[in-house]
Amino acid sequence: PMFTATTGSLVPQPITTELRVTEHPAGGFYVAFGTGKMFDIGDDADLGVQSLYFLRDPGTGAAIARSSLKQATLANVSGGDYRSLGGLSGASGLDWSTHKGWYVDLRVGTADGERVIAPPVMSNGKALFTTFKPSNADPCISGGDSYLYTIDLATGLQREAYDTMGATVIGRQLTEGVPGGIVPLYAPPAPAA
C-alpha cells in the first residue's frame with residue numbers, strides 16, 4: 001500500500017470513507033482523507049486518536065511512512081467553538097521537498113473520540129472535512145458534536161471560511177449533529193414545530 005494509517009504508537013486507524021485526490025502543483029497528486037468509523041458495536045465508546053491526512057503521491061509507487069509526514073496540531077479558540085491549526089510552515093505552506101505530506105491528530109488535550117465518518121469535499125484548492133464526536137453511550141439515542149474544517153491544501157490554513165477569526169482558524173464546532181457530507185443532518189426542531 002502507498003500508506004498505512006496508524007497513530008504515533010502504531011495503533012491502526014480505520015479508513016472508512018472515500019479518499020479525495022487532486023493535482024499537486026509540484027507534480028503528482030494530493031491525496032486527502034480522514035480516519036475513523038461509526039458502524040460497529042462499541043464504536044461510540046471508542047476514544048482512540050483519529051487523524052486527517054494530506055499526502056503527495058508523486059506517482060512512483062513508493063510507500064509513504066507516517067514518519068515522513070509533518071505533524072500539525074489543533075488548538076481550541078474562542079471557548080472551543082473554533083479550532084486553529086499550528087505546526088506547519090506558516091503562510092508559505094509546507095516544504096514538500098523535505099516532507100511527503102502532513103497530518104493532524106483530531107484531539108485537543110486528551111483524545112475524545114473525534115473521527116471522520118463522511119468523505120471530504122475538495123474545491124478550489126481546499127479540503128472540507130466534517131468530523132463527529134459521539135457524546136451519548138446509548139446507541140438508541142442520537143447525540144454528539146460535529147466540526148467543519150476548511151483547509152487549504154498548500155498551506156494547511158484556511159483562506160476565507162473564518163476570516164474574522166484569523167488565518168490559522170480552520171474549523172468550527174457544530175453542536176448536536178451527525179455529519180452527512182459537509183453539513184450536520186440533525187438539528188433541533190423549532191419550538192413552534
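1. Let me start with strand 2 (residues 29-34), which is mostly covered, with five of its six residues buried. Buried here is under 20% relative accessible area, exposed is over 50% and partly exposed lies in between, with a 1.4 Å probe and protein chains only. Strands (E, at least two residues) and helices (H or I, at least four) are DSSP runs numbered from the N terminus.

2. Some housekeeping before going on. This is a predicted model, where local features need pLDDT of at least 70 and side-chain atom pairs count only at pLDDT 80 or more, while totals for chains, interfaces and linings use all residues. Residues are numbered from 1 along each chain as its sequence is written, and side-chain values use heavy atoms, with hydrogens and water left out.

3. On one side of the pairing list, strand 2 runs antiparallel to strand 1, joined by four bridges; two strands pair if DSSP finds at least two bridges between them. T22 stands opposite Y30 of strand 2. The hairpin of these strands has five residues between them, and G27 takes a positive phi near 105 degrees there.

4. Strand 2 also pairs with strand 3 (residues 51-57), again antiparallel, through six bridges. Look at V31 for an example: its bridge partner in strand 3 is L55.

5. V21 sits in strand 1 (residues 20-23). Together with I15, L19 and F29, V21 forms a nonpolar surface patch with about 340 Å² of accessible area. Patch members have over 30% relative accessible area and no salt bridge; nonpolar side chains (Val, Leu, Ile, Met, Phe, Trp, Tyr) are joined within 5 Å, like charges within 9 Å. A salt bridge would be a side-chain nitrogen of Lys or Arg within 4 Å of a carboxyl oxygen of Asp or Glu. Areas are Shrake-Rupley values with a 1.4 Å probe, and for residues only the protein chains shown count as cover.

6. Now jump to A127, in strand 8 (residues 126-134). A127 counts as buried because its relative accessibility is 0%. Setting aside neighbours within four places in sequence, A127 is in contact with F54, V121, M122, Y149, T150, I151 and L153, contact being heavy atoms within 4.5 Å. A127 and F54 are 73 residues apart in sequence, yet 9.5 Å apart C-alpha to C-alpha.

7. For the whole chain: zero helices and twelve strands. Buried residues make up 42% of its 193 residues. Of the contacts between residues at least 6 apart in sequence, 60% join residues at least 24 apart. The chain exposes about 9,500 Å², and carbon and sulfur atoms supply 56% of that.
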